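Subject: Structure for you to look at

Hello,

Here is the structure I promised. Please open it next to this email and follow along.

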Amino acid sequence: MTAVRNIPSLSLETDLSRAAGGPVCGVDEAGRGPWAGPVSAAAVILNADDLPPGIDDSKALTEKRRFEMEPVIKARALAWGVGFATVEEIAELNILHATGLAMCRAIEAMSVQPVAALVDGNYRFKLPCDVQTVIKGDSLSLSIAAASILAKTARDRLMIELDGQYPGYGFAGHKGYNAPIHSQALKTLGPCPAHRRSWAPIRALLEA
């Protein structure tokens, strides 16, 4: 029997907005697992009267479709913001707290400040507003799904830029994740400044 996939809606946003008495944003991150590059986060307050068609969990969309959706979401949303935490901040804070920092920066960058946030996952980050966690939120909440798209496209664009800055690692293709070309380049070239030197595979190369 084929499982029926959830279709994101605004029901969670509507309920929380009524309870909190103000605008609610969806928040999601991208890039917690890679060997290189920053972690990114996005926050989005959608306009219920002007929803972009086709919003879905970023992982359910092709890279081309995500980049097509990005300007549409930004144009129609009531507010949006994107934030990053650098590889240095990841090393200093650890990836979990660096992710929270990126989320704070995303919310602080919004033109409209939310009173509450729906955050993908089960960890209650300390953000500039109230937080409600939503497990698998990018498949349930339209605003979290929209945030997942903006976080992913922002980080992918930056990794493509880093590929030009640090050629040979294949960042434009794998976006800093574990891949055969990435592993081989690390053995041949060693780590570059974009690598997360606190990560075990990178640390092992540095200590070899």
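This is a predicted model: local features need pLDDT of at least 70, side-chain atom pairs count only at pLDDT 80 or more; totals for chains, interfaces and linings use all residues.

Now the aromatic rings. A search of the whole structure finds 2 aromatic pairs. One joins Tyr123 and Phe125 edge-to-face. Their centres are 4.8 Å apart, with 65 degrees between the planes. Phe125 has a relative accessible area of 7%, so this residue is buried. Tyr169 and Phe171 also pair: their planes are at 10 degrees, so this pair is stacked. Here the ring centres lie 5.4 Å apart. Tyr169 and Phe171 are both buried.

One more ring is worth a look. The charged end of Arg196 sits over the ring of Trp199. The distance to the ring centre is 4.9 Å.

Next, the sheet. It is open and has 5 strands, in the order β3-β2-β1-β4-β5. The pairing is mixed. At the edges are β3 (79-85) and β5 (130-134), and each of them pairs on one side only. From one strand to the next, the twist averages 25 degrees.

Look at β4 (residues 116-120) beside β5. These two strands pair in the parallel sense, over 5 bridges. Leu118 stands opposite Gln132 in β5.

Last, find helix α4 (residues 95-108). This helix lies across β1 (24-30), β2 (39-45), β3 and β4. Against β3, helix α4 runs at about 145 degrees.

Best wishes

Key:
Residues are numbered from 1 along each chain as its sequence is written. Side-chain values use heavy atoms; hydrogens and water are left out. Two strands pair if DSSP finds at least two bridges between them. Helices (H or I, at least four residues) and strands (E, at least two) are DSSP runs, numbered from the N terminus. Axes are lines fitted to C-alpha atoms, for helices over the stretch in contact, and angles run from 0 to 180 degrees between N-to-C directions. Contact means heavy atoms within 4.5 Å. Rings of Phe, Tyr and Trp (its six-membered ring) pair if their centres lie within 6.5 Å; planes under 30 degrees apart count as stacked, over 60 as edge-to-face and the rest as tilted. Buried means under 20% relative accessible area, exposed over 50%, partly exposed in between (1.4 Å probe, protein chains only). A charge sits over a ring if NZ of Lys or CZ of Arg is within 6 Å of the ring centre and within 35 degrees of the ring normal.
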